[in-house]
Amino acid sequence: MINLTIDGKEIQVPKGTMLLDACRQAGADIPTLCYDPDLRLAGSCRMCVVEAKGRPTLVASCVMPAENNMVIETESPDVVEARTVVLELLAARHKFECPTCESDGSCKLQDYMYRYGVKESRFDGEGPHFHTEDPNPFIIRDYDKCIMCTRCVRVCDEITGAQAINIEDRGHHAKIATPFDGKLADSTCVFCGQCVMVCPVGALTSRVAAGKGKPAQNEKVLTTCTYCGTGCTLELNVKDDKIVGVTSNRDAEWSPVNKGALCVKGRFGWDFVTSPERLTTPLIRENGELRPASWDEALDFAANKIKAIKEQNGPDSLAMFSSARATNEENYLAQKLMRAAIGSNNVDHCARL
Amino acid sequence: MAEEMRLLLEHADKIDPRIAEDYIKVGGYKGLEKARQMDRKNLIQEVKSSGLRGRGGAGFNAGMKWSFVPPAEVKYVVCNLDEGEPGTYKDRIICEKNAQALLEGMAICGTAIESKQGYIYCRGEYPFVVELLNKAIQSAKASGALGDFDIEVRMGAGAYVCGEETALIESIEGHRGEPRFKPPFPGVAGLWGVPTVVNNVETFAALPYIMTKGAEWYASIGAPKYPGTKVLTLTGDVNNPTYFEVPTNYNLRDVIYKLGGGIKNGKKFKAVQVGGTSGAFIPEQNLDTSIDFDSMGAIGAALGSGAVLVLDETRDIVDIVTRISKFFEHESCGKCNPCREGTFRCREIMEKINSGRATEADLNNILLLAKVMKRAALCGLGQAAPVPITSTIQHFGHEYRRKLLQYA
């Protein structure tokens, strides 16, 4: 075990514990921008810096293992000064359109500027100049709001495995880009939107939900995605009893299957729920025309037809195509119905969504 | 004392650095032979007690660095020949004059840490050095002097930040040249995640002489806490701008006035920047300082790479520092916030001051920014980038104030 002092509190943590976790254990609220517990460490935003007695520089607590006898100050004047200047540097390159920003209320830059009272940046030179037009249907990329935390790059690489984006150019001109700075659609991007999920500011937002309600203000309803049998947890954004978007709940307790990760359908394909074209009742085709029917009538109709075909042409004249949208249990029942009730092994699966 | 002390450069221009036999004729590879007969621990202890400290700029005890290397199946020896500091070319000179000593030094390190593979990371602007080194390695391998220790030369692509050891490692691995956070230090998890010793050319090239002449002998040269010799590259407004090898207790004033032959065209001295572009500017009153690591540190400067840039009385300090700030804006890798945005804003404010549009508030802003960069940037680049600014505001503040808007 490691013994150290944090803000005057003596605490004990297991060897290998990062200072950030130790500080949080000691009750200190350490601000972070690039840190994400599910991604490899970057140590680059320098918001989590703390003062370690006897060290010539401030230490980034997210990448510094706790050491015996360390004496840590988490909000010393030097620490607050460094965080304030970092925030001012980020503010100087940020496009503040908070009133219309999707991330208003769920923006870490906004939160920390409030916390440290950063009303304006003393660096009043060139402002944001990174705007990216990307005409895809799912993700709005606005790099005039980007703070270069690289969480999107890391989540794309480590969780989605698409490696669609990385850093291009150097220094202040560095920005997040696809290979050759093209469109997402021309890259290996699968539009899963994990980058939107981890973006701590409004640089990456959902185009599908844009303007329908700020996620921070929407009611959140946890549900299970119906697109496939995986059973991902979705966080439906509800406003005035209407679904206006989908966000992620990354808490493993609430989202045990996917920890917030979703696919393009789960995250962006929810508009069908209230589509006027959606089937709400079974339909039976008669004389080339579809007419509404009750479930009982429709099921009887199908059962009778299946029976008739079986009697006339034998069970192997029938086949069952099941769906990946169904659960394992439902698919099991489907094949059972085919084999036991109908008597055929003609069972297949669409194998795609 | 106005004489050079040539150790690494003793046989400069008398032997062909590409040919191992030439080097062997003047006593080369004897140090490696001796190292191989020694117990590994004793070898590291010998290097430690010689007091040899890293010549790349950080000044860490070389033997100490090696002693941190944990046991592992594969380990690497990496030579930092990125030499990107403007005004610095001592590593090139050491390679051009005595490449075999570098190879021998790397092999000695390989013996000490039980590594069979070395890499030399060469600056992208030095293709001719790569060619020379490849021939030197070929010759050394053919002569059998290196034994089973292999050395491969890798080339940079012109990024200053790749002189930082972890960015250098990233670059060898084929990634973006961006520094890693430390710990873990390369000695524990370096190239491809295995223990790696990264030392500068000059550090490695000193090892053969420590081995043959003894740690005690080496420790007695120059400044006691930073012993040995140092190759300096003298540039700027001096009569004799060239390279020198001097004992580390050599006086800075003597570098300029004795070795350098004084200021060109009979002009007066204004300032000297030691250690490369990220070094501090030193005024006249601090010239009587020994060039060693600690003495330079004591006056708020750094020996760094050993570049010495002399400016005469006609030079515009603010203009020069503005150019330097452009350099750092260009060379920041962009990984951490203080450096990526800080170097950009430093350049902006310096240009504002230099063009007469700035006020006292701008001066205060740049000083605050500099302080945060020094304290909070991820690597040495961002931490050192504001040093030219702060050191010149400290010593030549009147030149800045002269350019401020009078009635803003």
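Q: How many bridges join strand β9 of chain B to strand β11 of chain B, and do the two run parallel or antiparallel?

A: Strands of a sheet pair through backbone hydrogen bonds, either parallel or antiparallel. Here β9 (residues 269-274) and β11 (residues 307-312) of chain B run antiparallel and are joined by 5 bridges, and B:Gln273 stands opposite B:Leu309 in β11(B). Strands are DSSP runs of E with at least two residues, helices are runs of H or I with at least four residues, and both are numbered from the N terminus; two strands pair if DSSP finds at least two bridges between them. This is a predicted model, in which local features need pLDDT of at least 70, side-chain atom pairs count only at pLDDT 80 or more, and totals for chains, interfaces and linings use all residues. Residues are numbered from 1 along each chain as its sequence is written, while chains are lettered from A and ligands numbered from 1 in the order in which they are written.

Q: What is the order of the strands in the open sheet of chain B?

A: The order of its 5 strands is β8-β7-β11-β9-β10, with mixed pairing. Because β8 (243-247) and β10 (281-283) of chain B each have a single partner strand, they stand at the edges, and one side of each is left without a neighbour in the sheet.

Q: Into which domains is chain B divided?

A: By an automatic or database domain assignment, chain B comprises domain 1 (20-220), domain 2 (228-312) and domain 3 (317-403). The centres of domain 1 and domain 3 of chain B, taken over C-alpha atoms, are separated by 33 Å.
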